[in-house]
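Please read the points below beside the sequence and the coordinates.

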Amino acid sequence: MSIVTVQLGQCGNQIGFEVFDALFSDSHCPQGLCSKRENEAYRASCKERFFSEEENGVPIARAVLVDMEPKVINQTLSKAAHSGRWKYGQHSCFCQKQGSGNNWAYGYSVHGPRHEESIMNLIQKEVEKCDSLNGFFIIMSMAGGTGSGLGAFVTQNLQDQYSNSLKMNQIIWPYGTGEVIVQNYNSILTLSHLYRSSDALLVHENDAVHKICAKLMNIKQISFRDINQVLAHQLGSVFQPTYSGEGSFHYRRNPLGDLMENLVPHPEFKMLGVRNIPQMSENSLAYSTFTWAGLLKHLRQMLISNAKMEEGIDWQVRPPLSGLPTRGKMSLNKESHFNTSIANLVILRGKDVHSAELGAFKDPALYTSWLEPVHAFSVWKTQRAFSKYEKSAALVSNSQFLVKPLDTIVGKAWNMFASKAYIHQYTKFGIEEEDFLDSFTLLEQVIASYCNLGF
C-alpha cells in the first residue's frame, strides 16, 4: 500500500527531500547484510510505499509540494532532479509569490481557502496513481505561517475528503529560543487544530536534533541540512519495510495502519516521539561494535528517563515497583522523573535480529495502569540492515515525553495572550480570541491527560 507525502512550507519541503533521499539511498544500498532476494523484496516494498512508476528509469516520489514562495520548492525540485536517482513529478507542486509572513492566521484563513481547490486537485492526482492508498504523511513546522497555518487547513481538508484514510503529521517543534516572536501562538493553533483532524502527530524537537548533531555526529557548524538529515534518518528507520510478524519473511503492507494500531489506543493520546540508537559519525562508526543487549539496555533507559539521545542518559531513573503508586506522577517542576508510556513500538534492523531479547520493554511498570503490556508494547523486525549500521534500533513512543515542552509553549502563549500582544495580527484575518481560548482549553486537557498516565 502506498503513502502520499504532503510537504508544506520551507521546513516541510526541505525535510521531505532529505526523507525521500534517505529512503532511496537505503533501499538501493548493496550491502544490506542479507540475501540478494531479500534485498530485492525490501527495495520493492519501499518503492511501492514511497515511489511511483519510473520515468526513463528514474523513480518518482509520491509527494505533493506546497509553499507560498517559489524559492525553496524550485531548489528542492532541482536537487532531486540533479541527483539522477529519483525525482519529483513534473506537476506535483503548488507555489505562489507571496508567503504567509509567519502568521498562522494568514496561512489558515487566507491562503488555505484561496488555494484549496488547486492543492486538493494535486493531492487527488497523486492518490489516483496509487493502486491502494495507505494514507497521508504530512510534513510541516509549527512555528511559521505556511507550514503551520496552511498545513492545519490542508490536514482538515484531507480529513473531510479522505475520512477513511489515515493521516500522520510529522511536525517540527520550534527551538525554545526561536526567532519568530509569535511562534508560541502559531504552535498552539497548529497543535489544537491537528489534534482534531489528524490520527497521529509525530513530533521532532529542533533543540533535541541539534544536540544529536553536535554531540553524536560531531558536527561543528550545524546547518539546517544537517538537522534535516538526522530527521530523515530517524523517519527512514521507522518507515522502511519490516516483516509482518514473528517468523514471517513477508514485508508488512499497511505501515501507517499498523503504526496507529500499535501506538494510538485512544484519540486523547496521539503525540508520538522517535528515538534512535546508534547515531554517530562515519569516523566513530569505524571503531564501534554493537550488541543487541547493549543497544536495547540504552534504548530502554532513554525511554524511561526521557533522554532524546544515548549521551547524557540519567541512569538513576528507575521504574516504580509494581503494586506501588508510581513515582512517575508527572510534576512539571521536578527535574528527573519516570517517563510513563501508553504504548511503545521497537523496530529492530540488522544482523541476528531474532536473537534480540525484549523482555525489559514488557515490564508493566513502564506503562499506564489501564493497559496491559501485551497491548502496549510491539516489536517489528527485519534482518535487512538500515543505512550504515550493522545493527540499529528505533523506538516510537507514545509517552509523557512532550508534557514539559507543551506546557512551556502553552504558558508562553498564554502570557502573551493575557496582555493581548500581537492578537490584532490574527483577528484581522478572522482568527478570534475565542479560537485562541479553544486552543488553550484543548491543549490544557491534553497536558492533564498525559500527566495522569502515571496514576
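1. Two strands count as paired if DSSP finds at least two bridges between them. The model is predicted. In it, strand E8 (residues 166-173) and strand E9 (residues 200-205) run parallel and are joined by six bridges. Within this pairing, methionine 168 stands opposite alanine 200 of E9.

2. E8 and E9 belong to an open sheet of ten strands with mixed pairing, ordered E6-E4-E1-E7-E8-E9-E10-E13-E11-E12. The edges are taken by strand E6 (93-95) and strand E12 (377-382); each has a single partner strand, so one side of each is left without a neighbour in the sheet. On average, and with direction ignored, neighbouring strands of this sheet are turned by 20° against each other.

3. Helix H9 (residues 255-263) packs on the sheet. The strands touched by H9 are strand E1 (2-8), strand E7 (133-141), E8, E9, strand E10 (271-277), strand E11 (341-350), E12 and strand E13 (391-399). The direction of H9 makes about 75° with that of E8.

4. How do helix H6 and helix H15 pack, and at what angle? H6 (residues 183-197) and H15 (residues 433-451) have axes 9 Å apart, at an angle of about 70°. Since angles of 65 to 115 degrees count as roughly perpendicular, H6 is therefore roughly perpendicular to H15. By class, eleven nonpolar, two polar and three charged residues make up the contact of H6 with H15. From H6 the contact includes Tyr185, Ile188, Leu189 and Arg196; from H15 it includes Asp435, Phe436, Val446 and Tyr450.

5. A search of the whole structure gives three cavities of 30 Å³ or more. The largest cavity holds about 120 Å³ of space. Its lining consists of Val203, His204, Glu205, Ala208, Val209, Ile212, Gln234, Gly273, Val274, Lys308 and Phe401. By class, six of these lining residues are nonpolar, three polar and two charged. At least two lining residues each come from E9, helix H7 (206-216) and E10.

6. Two backbone details deserve a look. The peptide bond from isoleucine 277 to proline 278 is cis, with omega near -5°; proline 278 lies in the loop between E10 and helix H10 (282-285). Asparagine 218, in the loop between H7 and helix H8 (224-239), has phi near 55°, a positive value in a residue other than glycine.

Note on methods
Residues are numbered from 1 along each chain as its sequence is written. This is a predicted model: local features need pLDDT of at least 70, side-chain atom pairs count only at pLDDT 80 or more; totals for chains, interfaces and linings use all residues. Side-chain values use heavy atoms; hydrogens and water are left out. Axes are lines fitted to C-alpha atoms, for helices over the stretch in contact, and angles run from 0 to 180 degrees between N-to-C directions. Helices (H or I, at least four residues) and strands (E, at least two) are DSSP runs, numbered from the N terminus. Angles under 35 degrees count as roughly parallel, over 145 as roughly antiparallel, 65 to 115 as roughly perpendicular and the rest as oblique. Contact means heavy atoms within 4.5 Å. Ala, Val, Leu, Ile, Met, Phe, Trp, Tyr, Cys and Pro count as nonpolar, Asp, Glu, Lys and Arg as charged, and the others, Gly among them, as polar. On a 1 Å grid over the protein atoms alone, a cavity is a set of points where a 1.4 Å probe fits but cannot get out, and a pocket is an open set with protein on both sides within 12 Å along at least five of seven lines; lining residues have an atom within 4 Å of a point. Grid points are joined across faces, edges and corners, and a volume is the space filled by probe spheres set on the points.
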